[in-house]
Amino acid sequence: MSEETSSEVIEETAVVEEAAAALGDTELSEEEAALAEYKTRLRTYIRELKKLPGDWYIIQCYSGYENKVKTNLDMRAQTLEVEDSIYDVVVPIEEVVEIREGKRKLVKRKLLPGYVLVRMDINDRSWSVVRDTPGVTSFVGNEGHPTPVKHRDVAKFLMPPETAAETSEAEKAVVADGEKVVASPTPSTANTIEVDYQVDEVVTILTGPFASISATISEIDAQGGKLTGMISFMGREMPVELTFDQVEKIN
């Protein structure tokens with residue numbers, strides 16, 4: 001049995017055990033049930049990603065140019081005939097509810113501002129096509145060398161929200177401008193949240209692809225009902241925007 005097959009068997013066993021535990025525990029809270037369901041979907045999605053050709057890499061670009069970089073890279077890959085090495089270019093986003101002038105509005109927000117995800121095989125031609133794309137500054141990696149992102153990590157950015165779970169293939173959730181919705185607001189986001197946070201306070205992220213990660217608050221937008229937190233990703237500090245009900249204090 002291969003290492004990958006063995007890993008999948010272990011994951012399947014864990015899913016079954018979790019489901020059995022959930023059925024047998026009548027006192028399972030809504031949060032625990034939601035977390036168990038999320039982990040099950042995540043394992044399934046990771047297996048789907050592993051079946052796709054190529055590895056996932058992160059490329060850094062000028063902030064605000066993510067969609068333009070995606071468009072340019074797609075066009076260059078086709079024009080320079082490297083589609084057999086560059087398979088997918090994605091700008092992951094989430095949908096959140098923001099409060100603007102007292103009204104709640106559904107908005108799209110980039111999960112990785114200043115970065116774009118690319119699924120590709122690294123070779124001299126594909127590396128050159130990506131690196132020379134207008135707006136691209138570098139690959140994320142050790143000492144400038146592209147470093148593949150683990151499937152488990154990239155799945156957290158690409159897994160469709162629960163409402164779109166039936167569309168299992170990653171490409172089905174990508175819209176025309178290259179953005180991919182990976183998180184949508186739940187009914188709980190409609191609740192009014194009082195501001196009880198401070199800059200430099202460390203909080204835990206509760207939902208979305210960054211769930212369970214700690215973040216240090218750098219900015220607070222009380223009127224907009226959101227805050228900016230700094231998280232550590234691949235050895236770098238990265239800002240993420242969060243609504244108040246997406247985080248909780250660390251006791």
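This is a predicted model: local features need pLDDT of at least 70, side-chain atom pairs count only at pLDDT 80 or more; totals for chains, interfaces and linings use all residues.
Visitor: What makes Phe157 a contact of Leu112?

Guide: Contact means heavy atoms within 4.5 Å. Leu112 touches Phe157, and also Glu66, Pro92, Leu117 and Met238, not counting residues up to four places away in sequence. The C-alpha atoms of Leu112 and Phe157 are separated by 8.7 Å, and the two residues lie 45 residues apart along the chain.

Visitor: What makes strand 4 mostly covered?

Guide: Six of the six residues of strand 4 (residues 115-120) are buried. Tyr115, Leu117 and Arg119 point one way, Val116, Val118 and Met120 point the other way, and all are buried.

Visitor: Why are strand 1 and strand 4 called paired?

Guide: Two strands pair if at least two bridges are found between them. One of the bridges has Gln60 with Tyr115 as its partner in strand 4.

Visitor: Why are strand 12 and strand 13 said to stand at the edges?

Guide: Five strands form an open antiparallel sheet in the order 12-11-10-9-13. Strand 12 (236-243) and strand 13 (247-249) each have a single partner strand, so one side of each is left without a neighbour in the sheet. Neighbouring strands of this sheet are turned by 45° against each other on average, direction ignored.

Note on methods: Residues are numbered from 1 along each chain as its sequence is written. Side-chain values use heavy atoms; hydrogens and water are left out. Helices (H or I, at least four residues) and strands (E, at least two) are DSSP runs, numbered from the N terminus. Axes are lines fitted to C-alpha atoms, for helices over the stretch in contact, and angles run from 0 to 180 degrees between N-to-C directions. Buried means under 20% relative accessible area, exposed over 50%, partly exposed in between (1.4 Å probe, protein chains only).
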